[in-house]
Amino acid sequence: MAITKAKIVPQFSYIPLGIIPGGNLECQFNPETITLSKKVNYGGKPDPSRDYPRTEYGGGSAATYSVDLYFDAYSFDDKNNPVDVRKKTNYLISLSLRTMGYMVPGVVIPYVCEPPSVYLVWGNFCMFRAVLTAVSVTYLIFSSEGIPIRAKAHCDFMEQSHPLDFLPPQNPSSRSEPRQTYRVI
């Protein structure tokens, strides 16, 4: 039975100027751990008649998760040169950039272009839609020529709401201007 590899799957809301982005980033080694966090906000006003404030629900924060990914390019190309691991790590970093770093001279990229949202998929396991909020790459092993060939990347992701994820109005007059009624006889 073949081992299923984890991968980061970008979801592009645009294709920058017809350039085809790099596609899925397959992990060479599956993650050892994935740390999931969710914070709910509570608050309250001090009350002199109580020892503690009344707990008031203030809404939830976006869920986050973090994962360490390992990349190893300890192999050689056709000319017996070591393969550079930065091909993988640079693509990972580009997932945190507007338009993934693609630039065309003389063309203004619209302000609304954002880094892509991503999914971490591992077989039947799929994390929620998220954006890469932080990435830290540590190069671990170098070739004799100084080319990085092994790296560890610590990635932080934050849940991203879907543009269609909202509560619909409760009735036809919800979220509209107040109406007045006049009776004419």
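## Arginine 86 and aspartate 84

In this predicted model, arginine 86 is partly exposed, with a relative accessibility of 35%. Its side chain forms a salt bridge with aspartate 84, in which the closest N and O atoms lie 2.5 Å apart.

## The second salt bridge

The count of salt bridges comes to two, and the other one joins the side chains of aspartate 72 and arginine 150, with an N to O distance of 2.7 Å. Because aspartate 72 lies in strand 6 (residues 64–72) and arginine 150 in strand 10 (residues 148–159), this pair ties together parts that are 78 residues apart in sequence.

## Threonine 89

Threonine 89 belongs to helix 1, which spans residues 86–94, and it is buried, with a relative accessible area of 0%. Its side chain makes a polar contact of 3.3 Å with the side chain of tyrosine 139. Leaving aside residues up to four places away in sequence, threonine 89 touches Phe71, Val137, Tyr139 and Ala151.

## Cysteines

The count of disulfides is zero. Cysteine 27 takes part in none, and the cysteine sulfur nearest to its own, that of cysteine 155, is 8.4 Å away. A disulfide requires the two sulfur atoms to be within 2.5 Å, so the 8.4 Å between the sulfur of cysteine 155 and that of cysteine 27 is too far for a bond. Cysteine 27 counts as buried at 1% relative accessibility, and cysteine 155 likewise counts as buried, at 0%.

Definitions and conventions:
Residues numbered from 1 in each chain as written. Predicted model: local features only at pLDDT ≥ 70, side-chain atom pairs only at ≥ 80, totals over all residues. Heavy atoms only, no water. Helix = DSSP H or I, 4+ residues; strand = E, 2+ residues; numbered from the N terminus. Buried < 20%, exposed > 50% of the residue type's maximum accessible area, 1.4 Å probe, protein only. Polar contact = N/O pair within 3.5 Å; in protein donor to acceptor, adjacent residues only side chain to side chain. Contact = heavy atoms within 4.5 Å. Salt bridge = Lys/Arg side-chain N within 4 Å of Asp/Glu carboxyl O.
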